[in-house]
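Visitor: Please show me the protein. Then I will ask about its fold and its core.

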Amino acid sequence: MRNAVVILMLFFFSSQAFAQDDYYQLDDVKDTSRFFIGFNIGGHFPNKNTAIIYTGRPSVTQFGIPWIFDNPFNQQAFNDHFQYPFRITEYPQEPTYRSELELGVHAGYEISKKLSVFVEVNAIQMSYEQFFTITIDDPNNQSPGDVFRQIPIIGEENRFHFNLGGQFNYFQNETQAAYVSFFGNMNNVSMRRNYIIINSIEYPIIHIDENRPDLRPGGIGFGFGAGLGFRFVLTDHILMDPYYQFYRTQINMSEAIQPIGMHHSLGIRILWN
């Protein structure tokens, strides 16, 4: 009888120990599932506030388009190409960027069923492509008015956006959640290239900051943003998250060009949890 009691007691305590281990394992699984990480791909729609830096105007840089045309090393090539006297008559009137592809990494933690915190980094390669106008005094021109030639101006720029904020679910069920997000933004921008093309030859527009002569134009800016998203389950551990975000942030291109404005992003995230 005594042996039976001892065996029953050992069985009871061992069962409690195993049950406790299973409880902790379930907690670990639950905590792990609160983390999510993935990537996003979409479109970035910037404002035009800093695009003026790529126009080559003498008011923007002293080594702009007039400097290129006045450079003695270029004059013979230009004279041969245009053949007749020419002059710069118009710079881009409405400088704008193109809409570009946005790629990023997104990670977060679910604090509760309603609230999550997240961090993300997005990268965009911006491009600017417009034209300035050359007037050519062609004595053989039979049509009324002057002869005009449009010359392309190209700008290339890198932008990185770092966002830190929270997401609040205003609707959810077992497989879907609709949310609003609010975040702070820090961005880092840098000009890659700026040049004109004449007769298939690139001529660089040079930008020098007197306070930072060894650096490219660009810098760090700050702002904030908000967004909307709809997250739903694809598989047991994979989520799809279409989203829209807008930023109101400063873009720091130079001492004179540091505007604050609105930018927009629209895309989709693939997340693992």
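Predicted model: local features only at pLDDT ≥ 70, side-chain atom pairs only at ≥ 80, totals over all residues.

Guide: Residues are numbered from 1 along each chain as its sequence is written, and side-chain values use heavy atoms, with hydrogens and water left out.

Visitor: How many helices and strands does the secondary structure hold?

Guide: Elements are DSSP runs numbered from the N terminus: helices are H or I with at least four residues, strands are E with at least two. From the N terminus on, the order is α-β-α-α-β-β-β-β-β-β-β-β-β. The count comes to 3 helices and 10 strands.

Visitor: Which residues does I198 contact, leaving aside neighbours within four places in sequence?

Guide: Contact means heavy atoms within 4.5 Å. I198 is one of the core residues that touch the most other members. Its partners are F69, F78, H81, F82, I151 and Y203.

Visitor: Is Q130 buried or exposed?

Guide: Q130 sits in strand β4. Buried means under 20% relative accessible area, exposed over 50%, partly exposed in between (1.4 Å probe, protein chains only). Because its relative accessibility is 16%, Q130 counts as buried.

Visitor: Which residue has its backbone oxygen 3.0 Å from a polar atom of the Q130 side chain?

Guide: Not counting residues up to four places away in sequence, Q130 touches P92, E94, P95, T96, I151, P152 and I153. The backbone oxygen at 3.0 Å from a polar atom of the Q130 side chain belongs to E94.

Visitor: Which residue in the hairpin of β6 and β7 takes a positive phi?

Guide: Strands pair if DSSP finds at least two bridges between them. Here 4 bridges join β6 to β7 (residues 201-204), and the two run antiparallel. I197 stands opposite E202 in β7. The hairpin has 2 residues between the strands, and the positive phi, near 55 degrees, is that of N199.

Conventions
Core = buried A, V, L, I, M, F, W, Y, C linked by side-chain atoms within 4.5 Å. Polar contact = N/O pair within 3.5 Å; in protein donor to acceptor, adjacent residues only side chain to side chain.
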